[in-house]
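This report describes how the chain shown below is built. It goes from the overall fold to single residues.

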Amino acid sequence: MNHNQFYSLVIPMYNEQGNAGLLIDRIREAMAGYRYELILIDDHSKDGTVKEIIEKNDPNVVLIQLKKNYGQSSAMMAGFDYASGDYIITLDGDLQNDPSDIPAMVNLLESGDYDLVVGKRQKRKDSSVRTIPSRIANFIIKRTTKLNISDQGCALKVFTKDTAKDLNLYGENHRFISLMAHLNGARIAEMPVKHHARQFGVSKYGMNRTFKVINDLLLVLFNQKYLSKPIYLFGNIGLVAFILGMLINVYLLIVKLMGHDIGGRPLLILGVLLVFIGIQFFTTGIIIDMLMKTYYESQSKRPFNIRKITSFGENQS
């Protein structure tokens with residue numbers, strides 16, 4: 001870690017009484033000798049989390065209190081917006097991540113070869129209720145993208161400032177920060193980190209999270225892969241359905257010309273239905289494509305991210 005750099009640690013907090021004070025102490029130990037700000041975002045806790053943070057009176061702490069419970073993604077985004085560090089570090093507020101892993105992760109990021117370093121939890125101390133959704137998400141992501149990260153759910157991550165601030169988090173997308181950064185063009189490395197059992201408070205995860213993970217993952221993949229070219233998704237589905245429907249109808253036409261009755265055959269209904277579905281999907285793709293064009297143009301957005309611009313010479317044209 002570089003003593004001249006400034007580091008921003010962003011940690012959403014929700015009902016972490018008992019953990020909050022210890023977290024501040026352990027981060028102070030891990031970041032001793034370095035310039036940093038510890039941004040704690042209280043997502044409208046109902047216990048003594050805020051009081052515990054205030055009582056610590058740590059000069060490095062910035063406490064952001066949200067008006068109501070918006071969820072971890074919104075809380076994290078509030079922290080990213082406020083962060084002013086050269087590097088931005090995230091971890092959970094339940095002390096399951098170990099702040100002592102931060103220096104090694106930062107050193108890897110500062111080598112300049114990566115934009116994001118993510119933790120890989122060793123010997124996880126979570127129950128199956130929490131690990132099953134993670135395994136499902138990891139499997140789907142590996143199968144559908146080129147991102148070969150074995151632990152998508154580890155909250156301990158170190159970003160370059162631009163990588164973190166380019167993320168547009170909403171809903172529950174914090175679960176897929178690594179994937180979103182990857183789809184934005186970030187270079188990502190994974191590093192083994194320690195993992196501890198929760199000491200205080202209650203886990204906020206349940207089995208219903210499995211379905212949320214799958215739905216959110218599909219939404220992220222669609223937004224990142226097809227947001228600027230939805231016709232590729234809807235158009236392809238429409239063309240496949242239309243072609244299958246036409247093949248069925250041509251086959252039934254030949255059968256009819258051969259003198260056989262096709263009026264009562266379910267295959268006829270399927271053929272006609274596929275043709276109409278194909279037309280609907282294709283036209284839907286065109287409409288959404290036009291809407292996305294309006295979306296980008298109206299907000300002066302660009303469907304790409306530039307990593308770096310290098311100018312050689314002072315008077316180039």
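This is a predicted model: local features need pLDDT of at least 70, side-chain atom pairs count only at pLDDT 80 or more; totals for chains, interfaces and linings use all residues.

Residues are numbered from 1 along each chain as its sequence is written, and side-chain values use heavy atoms, with hydrogens and water left out.

**Overall make-up**

The protein chain has ten helices and seven strands; helices (H or I, at least four residues) and strands (E, at least two) are DSSP runs, numbered from the N terminus. Of the 317 residues in the protein chain, 43% are buried. Buried means under 20% relative accessible area, exposed means over 50%, and partly exposed lies in between (1.4 Å probe, protein chains only). Contact means heavy atoms within 4.5 Å. Among contacts between residues at least 6 apart in sequence, 78% join residues at least 24 apart.

**The sheet**

Seven strands form an open sheet in the order S3-S2-S1-S4-S6-S5-S7, with mixed pairing; two strands pair if DSSP finds at least two bridges between them. S3 and strand S7 (188-193) are at the edges with a single partner strand each, so one side of each has no neighbour in the sheet. From one strand to the next the twist averages 20°. Axes are lines fitted to C-alpha atoms, for helices over the stretch in contact, and angles run from 0 to 180 degrees between N-to-C directions.

S2 and strand S3 (residues 61-65) run parallel and are joined by five bridges. S1 and S4 also pair in the parallel sense, over four bridges, whereas S4 and S6 run antiparallel, again with four bridges. Bridge partners in these pairs include the following.

| Residue | Bridge partner | Strand of the partner |
|---|---|---|
| Ile 39 | Val 62 | S3 |
| Ile 41 | Ile 64 | S3 |
| Thr 90 | Lys 157 | S6 |

In a regular strand the side chains alternate between the two faces of the sheet. In S4, Tyr 87 and Ile 89 lie on one side and Ile 88 and Thr 90 on the other; all are buried, and both faces of the strand are covered.

**Helices around the sheet**

S2, helix H2 (residues 49-56) and S3 make a right-handed β-α-β unit. A crossover is right-handed if, with the strands pointing away from the viewer, the path from the first strand over the helix to the second runs clockwise.

Which helix comes within 8 Å of H2, axis to axis? The axis of helix H1 (residues 20-30) does, and the two cross at roughly 40°. On the H1 side, Ala 20, Gly 21, Leu 22, Ile 24 and Asp 25 take part, and they meet Thr 49, Glu 52, Ile 53 and Lys 56 of H2. The residues of this contact divide into four nonpolar, two polar and three charged. Here Ala, Val, Leu, Ile, Met, Phe, Trp, Tyr, Cys and Pro count as nonpolar, Asp, Glu, Lys and Arg as charged, and the others, Gly among them, as polar.

Helix H3 (residues 72-82) has Ser 73, Ala 75, Met 76, Met 77, Gly 79 and Phe 80 buried. These buried residues pack against strands S1 (6-13), S2 (35-42), S4 (87-90) and S6 (157-160), and against helices H6 (161-165) and H7 (177-183).

**Individual residues**

Leu 156 lies in the loop between helix H5 (128-144) and S6. Is Leu 156 buried or exposed? Leu 156 is buried, with a relative accessible area of 0%. Not counting residues up to four places away in sequence, its contacts include Ile 89, Thr 90, Asp 98, Met 105, Val 118 and Val 193. Pro 99, 57 residues away in sequence, is 8.6 Å from Leu 156, C-alpha to C-alpha.

Two residues other than glycine have a positive phi: Asn 15, near 55°, and His 44, near 60°. Asn 15 is in the loop between S1 and H1 and is partly exposed at 21% relative accessibility. His 44 is in the loop between S2 and H2 and is partly exposed at 34% relative accessible area.

**Annotated segments**

The unreviewed UniProt entry annotates residues 231-255 and 267-292 as "transmembrane region". UniProt positions are given in the numbering used here, feature names are shortened, and annotations may be inferred rather than shown by experiment. In the model, residues 231-255 are 100% helix and 0% strand, with end C-alpha atoms 35 Å apart. Residues 267-292 are likewise 100% helix and 0% strand, with end C-alpha atoms 37 Å apart.
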